[in-house]
Amino acid sequence: MPRTLAKEHIDILKQPPPKRPPRLTARRIGIHTSAAGGVDKAAERAYRLGCNTFQIFSSNPRQWTPCALPAAQCEAMRQLRSKYDLKPLVIHANYLINLAGTNREFHRRSIAAFRGEVERALALGAEYLVLHPGSYRGGTREGGVERLAAAIGQAADGLDPAAGGLTILIENTAGAEFSLGGSPEQVAEVLASLRGIVPAAACIDTCHLHAAGYDVVSPEGFALTLRRLDAALGLRRIPVWHCNDAKSACGSHLDRHQHIGKGAIGREAFRRLLHDPRLTRAAFIAETPIDRPGDDRRNINALKALAPGRPRANAH
Ligand SMILES: [Zn+2]
Ligand SMILES: [Zn+2]
């Protein structure tokens, strides 16, 4: 679910800077971070929250208005990421975009908006751009997958994500009616359709898995769900995990994120995920709600407490 910038009660940039570098674990852990005041500001916020990876929107996630990023902000972002060793940088695409849809005008706007997403991701030097595969309402699922692949090809035409080190990540969804990507197999189907078009891989959201009916809570269910993901996608093709607890029941198809350890998924599932030896190279990013001041830091700390490796001080 979207997080609104307006809901942030206290801007960490308005507080005194930390005296010491944050303690880190043996995993890349981060959170969706506000880019208010300029995208580069998100890097400083992520560092102060104790992250070593982060996700941002590169434009207003609920408006079509195209926006190019000032070169100075892109350069500042590169410098801050290298100073604080913040990687990967994940960009989440605008929520309005639906590249699988049947409405022609909406599809045209979505392609233009997604082209802007790719351009900004390349300008920022981001490693990943996360896209919801969209809804095929009014058509067939197969037609939706075809429209999505063609639209991504059109949006990226003349751009070179491979040369820029950018991979498009197709995110699994809660499996609501007409939405693509409700199962690992459907995400794999979309990835297969993108072969030869753009570098593509998967982003798996724990809350969406749970809402779509996959058991990530019991130890056996967790192991089975990871086996299904491995069989359909290959765990190596999941470089980014969205770590969100869930307010809704397993199989409800309702996408309602909850604070880590406070929902229907619970802490142990995140401990298993963060300790899985096959996932040591992945980035784990929370998109948890902000209900009270300090929630972002609490959710980051909750994930770090469940990750392996003695917390270590950053080199900076
Ligand atoms: Zn969600
Ligand atoms: Zn997500």
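A crossing of two helices is called right-handed if the near helix is turned clockwise from the far one by less than a right angle. In this predicted model, that is how α5 passes α7: the crossing is right-handed.

Here α7 covers residues 219-232, and its axis comes within 9 Å of the α5 axis, with a crossing angle of roughly 20°. Angles under 35 degrees count as roughly parallel, so α5 and α7 are roughly parallel to each other. As for who touches whom, α5 brings Pro184, Glu185 and Ala188, and these meet Arg228, Leu229 and Ala232 in α7.

## α5 again, now with α4

Helix α5 (residues 184-193) also packs with α4 (residues 141-155): their axes come within 9 Å and cross at roughly 45°. That angle makes α4 oblique to α5. This crossing of α4 and α5 is right-handed too.

On the α4 side, the contact is made by Val145, Glu146, Leu148 and Ala149.

Now over to the strands. How many of the residues of β2 (residues 28-32) are buried? The count is 5 of the 5, so β2 is largely enclosed by the rest of the structure.

Strand β2 pairs with β11 (residues 283-286) in the parallel sense, over 4 bridges. Gly30 is a handy place to look, as it stands opposite Ile285 in β11. With β3 (residues 53-56), β2 also pairs in the parallel sense, this time over 3 bridges. There, His32 has Gln55 of β3 as its bridge partner. To get from β2 to β3, the chain goes through helix α1 (residues 39-49), and this β-α-β crossover is right-handed.

Is Ala43 buried or exposed? It has 26 C-beta neighbours inside 10 Å, and 20 or more is what it takes to be buried, so Ala43 counts as buried.

What is Ala43 in contact with, once its neighbours within four places in sequence are left aside? The answer is Met77, Leu80, Arg81, Tyr84 and Leu86. Phe54 is worth a glance as well: Ala43 and Phe54 are 11 residues apart in sequence, and their C-alpha atoms are 7.7 Å apart in space.

Note on methods. Residues numbered from 1 in each chain as written. Chains lettered and ligands numbered in written order. Predicted model: local features only at pLDDT ≥ 70, side-chain atom pairs only at ≥ 80, totals over all residues. Buried ≥ 20, exposed ≤ 12 C-beta atoms within 10 Å, placed from the backbone. Helix = DSSP H or I, 4+ residues; strand = E, 2+ residues; numbered from the N terminus. Pairing = 2+ DSSP bridges. Right-handed = clockwise from strand over helix to strand, strands pointing away. Axes fitted to C-alpha atoms, helices over the stretch in contact; angles between N-to-C directions. Parallel < 35°, antiparallel > 145°, perpendicular 65-115°, else oblique. Contact = placed C-beta atoms within 7 Å.
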